[in-house]
Amino acid sequence: MDREEWTEQFRYFLKDSIRKRVDFSQSDQNRGVASPPIEKPFDEQARRIDLIAPHQFKNIAALDLLSAIKNRQSRRTYRQDHLTLEELSFLLWATQGIKEKLDAGHALRTVPSAGCRHALETYLCLFNVDGVDPGVYRYLPLEHQLLFEFGDDHLAQKLEKAVFGQPYPARSAVTLIWTAIPYRMEWRYDLAAHKVIALDAGHVCQNLYLACEAIGAGTCAIAAYDQEAMDQLLRINGKDEFAIYLAPVGKI
């Protein structure tokens with residue numbers, strides 16, 4: 001395939017022409033297949049950490065939206081200060097928090113998603129959060145908890161390598177990595193699912209930018225990474241679930 005053919009193919013992805021070619025009557029949703037779960041299953045015996053509930057936030061600044069939008073920018077340099085558990089709780093709630101569970105496969109969250117499908121999971125390479133051991137965690141939005149996935153003494157080095165040597169994701173207090181589970185969206189939209197998954201990732205990261213302004217932190221969205229290395233770092237299979245976007249957070 002030459003460059004012109006590649007260009008046409010990837011521009012097609014950005015369009016919504018696919019919607020005219022999909023027979024939505026044959027989607028799993030319309031065929032009566034049960035919807036996939038809201039969040040990825042986990043071992044009930046695994047170590048979990050309760051996060052601070054939104055109604056218990058006490059030290060999150062009441063920053064007006066105008067100021068948050070005006071001050072929002074990508075920041076790649078962070079102090080070595082820790083984040084508090086409350087601050088981390090706020091960031092996770094702001095980006096993927098659940099406001100209302102509708103049924104087994106749908107929930108209203110703090111960000112929009114095509115068809116209320118929310119095909120993303122949030123992993124954290126956690127380096128410097130007060131009272132929480134470093135390691136890789138996953139956010140459980142239904143429980144509003146951190147799920148400990150595994151520890152790794154070389155996590156910072158592996159993360160830096162997986163982002164092609166960019167240093168700041170490994171020098172943050174925490175780096176959020178969003179993965180996609182495409183079937184959650186495919187269940188409803190079939191081949192029209194994939195563009196809107198990418199759009200959803202943008203919604204999530206913009207909320208992170210604005211939330212960081214309320215806690216004196218900075219972030220920088222990253223879409224340049226080694227796909228296979230990142231999936232391997234998270235210990236996911238790269239097919240049914242794979243990394244799609246990431247953003248480090250640190251105090252500024």
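Which residues form one aromatic cluster? Here the cluster is made up of Phe57, Phe90 and Trp93. Keep in mind that these close-ups come from a predicted model.

**Figure 1. Phe57 and Phe90 meet edge-to-face.** A pair of aromatic rings is described by the distance of the centres and the angle of the planes. The ring centres of Phe57 and Phe90 are 5.8 Å apart and the planes sit at 90°, so this pair counts as edge-to-face. The pair ties together distant parts of the chain: Phe57 is in the loop between strand E1 (48–50) and helix H2 (65–71), while Phe90 is in helix H3, 33 residues apart. Is Phe90 buried or exposed? With 11% relative accessibility, Phe90 counts as buried.

Figure 2. An α-helix has 3.6 residues a turn, so residues three or four places apart point the same way. The ring centres of Trp6 and Phe10 are 5.5 Å apart and the planes are at 10°, so we call the pair stacked. Trp6 has 39% relative accessibility and counts as partly exposed.

**Figure 3. Two arginines sit over aromatic rings.** Take Arg47 to start with: its charged end sits over the ring of Phe148, 4.1 Å from the ring centre. Then look at Arg235, whose charged end sits over the ring of Phe150, 3.6 Å from the centre.

Figure 4. In soluble globular proteins, nonpolar side chains tend to be buried together. The largest nonpolar core here has 45 residues, and Leu91, Leu124, Leu146 and Val249 touch the most other members. Elements giving two or more residues to this core include helix H3 (85–96), strand E4 (120–126), helix H6 (193–213) and strand E9 (242–251). Which element gives the largest share of this core? That would be H6, with 10 residues. Zoom in on Leu91 and, leaving out residues up to four places away in sequence, you'll find it touching Leu83, Leu208, Ala211, Cys212, Ile215 and Val249. Apart from this core lies another one of 20 residues, among them Tyr168, Ile177, Leu233 and Ala243.

Figure 5. In H7 (residues 227–234), the buried residues are Met230, Asp231, Leu233 and Leu234. Why are they on the same side of H7? They cover an arc of only 155° around the axis, and that puts them together on one side. The face turned away from the buried side carries exposed Glu228 and Gln232. The cover over the buried residues includes E4, E5, strand E6 (145–150), helix H4 (155–162), E7 and E9.

**Figure 6. Asp130 sits in the loop between E4 and E5**. At 46% relative accessibility, Asp130 counts as partly exposed. Not counting residues up to four places away in sequence, Asp130 touches His82, Leu83, Thr84 and Leu85. Now compare Pro112: Asp130 and Pro112 are 18 residues apart along the chain, and their C-alpha atoms are separated by 30 Å.

Conventions:
Residues numbered from 1 in each chain as written. Predicted model: local features only at pLDDT ≥ 70, side-chain atom pairs only at ≥ 80, totals over all residues. Heavy atoms only, no water. Core = buried A, V, L, I, M, F, W, Y, C linked by side-chain atoms within 4.5 Å. Buried < 20%, exposed > 50% of the residue type's maximum accessible area, 1.4 Å probe, protein only. Helix = DSSP H or I, 4+ residues; strand = E, 2+ residues; numbered from the N terminus. Contact = heavy atoms within 4.5 Å. Arc of directions from axis to C-beta. Phe/Tyr/Trp six-rings, centres within 6.5 Å; stacked < 30°, edge-to-face > 60°. Lys NZ or Arg CZ within 6 Å of the ring centre and 35° of its normal.
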